[in-house]
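Please read the following note beside the sequence and the model.

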Amino acid sequence: RSHEQFAGVLRYLREHDKAIEHASEVVRRGETVGLPRDEEILRNARLTLSDSRLRRRAPGDLEGMRELALDAQRRMEATSPRSVAARENLSRLMLNYADGILEFANEQNPELRQEFPEFLTLGYELIADIPMGTSRSMLQLNHLHANLLARSGEWFRALEIYKELIPMIDKAFEPHQSPWLNSQTSYLLLRAIYETRDAPPEQVDEILSDLRRLFELTRDRNFVHGAAPYSMVLWNAGRFEEVRDVSREIIAMGPEKPHTPRGAFEQAQVMLTELRQMHPDLFDVPATQPSAAEAD
């Protein structure tokens, strides 16, 4: 149990190589001494293995996640687990593998992409009859399911899940916690894409207000959650001065800052370039923050 907990701490610290090493040893020793396969220690160790492989993204990690998901599928079919904890664990292993397929299955292993719908469905079926608000882990599992639906193109189903899920996450997590930030980012991105085009101004303003709040909450910590959809909605609404200012704020952070998605930095550079071509008058006023692009 101490080794399993140590592996979990290493995962939390993003020491994924060490986390995988210790979790693998826990599973090996547990199976050697004959622990039940659904013993909590082994469940947690397998989850650490799956989570760390998903985040490490080294060669062989997708195949390792696949083995864990297939094992979960076999256990589900053999035992029909009834405990909520066991079902949550098996669901996470399957949904993690579906996540890994979207992240790094490529043209070299196209057959794995065909497994995505199967494991997405299997993972969700395990928790479908458990109320979302049962626990924090259930909230996170439903967020993962909705996120996978959105990324695979089923945005309407994802948006409907988020509309039910977000109020529960607001009550269960603080705004600085990752589950709150990640779920809000995914939800607001979907709203920015699908609920602002041809929408009434008050609806656009509501979504912009939520995106700005998310941006402000994370900017000082160099996370810049919501930066890309925020800029996109401002652009589509014709609020180009605000696009200019937000882009400059992002660029001033620099791509090297911890947790700053490089995509947001690059998008901000592109937007400033396009704005200068379309509306050069916006750049006649001195910038409140000099941008790296302009400095170059």
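1. The side chains of Glu 25 and Arg 29 form a salt bridge, with 2.8 Å from N to O; the term stands for a side-chain nitrogen of Lys or Arg within 4 Å of a carboxyl oxygen of Asp or Glu. Both residues belong to helix α2, where they sit four residues apart, about one turn of the helix; helices (H or I, at least four residues) are DSSP runs, numbered from the N terminus. Glu 25 is partly exposed at 25% relative accessibility, and Arg 29 is partly exposed at 43%, where partly exposed lies between buried (under 20% relative accessible area) and exposed (over 50%), with a 1.4 Å probe and protein chains only.

2. This is a predicted model, in which local features need pLDDT of at least 70 and side-chain atom pairs count only at pLDDT 80 or more, while totals for chains, interfaces and linings use all residues. Residues are numbered from 1 along each chain as its sequence is written, and side-chain values use heavy atoms, with hydrogens and water left out.

3. Asp 17 and Arg 56 also meet through their side chains in a salt bridge, at 2.9 Å from N to O. Because Asp 17 lies in helix α2 (residues 16-32) and Arg 56 in helix α3 (residues 40-56), this pair ties together parts that are 39 residues apart in sequence.

4. Arg 56 has a further salt bridge with the side chain of Asp 61, at 2.7 Å from N to O. Asp 61 is buried, with a relative accessible area of 0%, whereas Arg 56 is partly exposed at 28%.

5. Over the whole structure, the search finds 28 salt bridges.

Conventions
Helix = DSSP H or I, 4+ residues; strand = E, 2+ residues; numbered from the N terminus.
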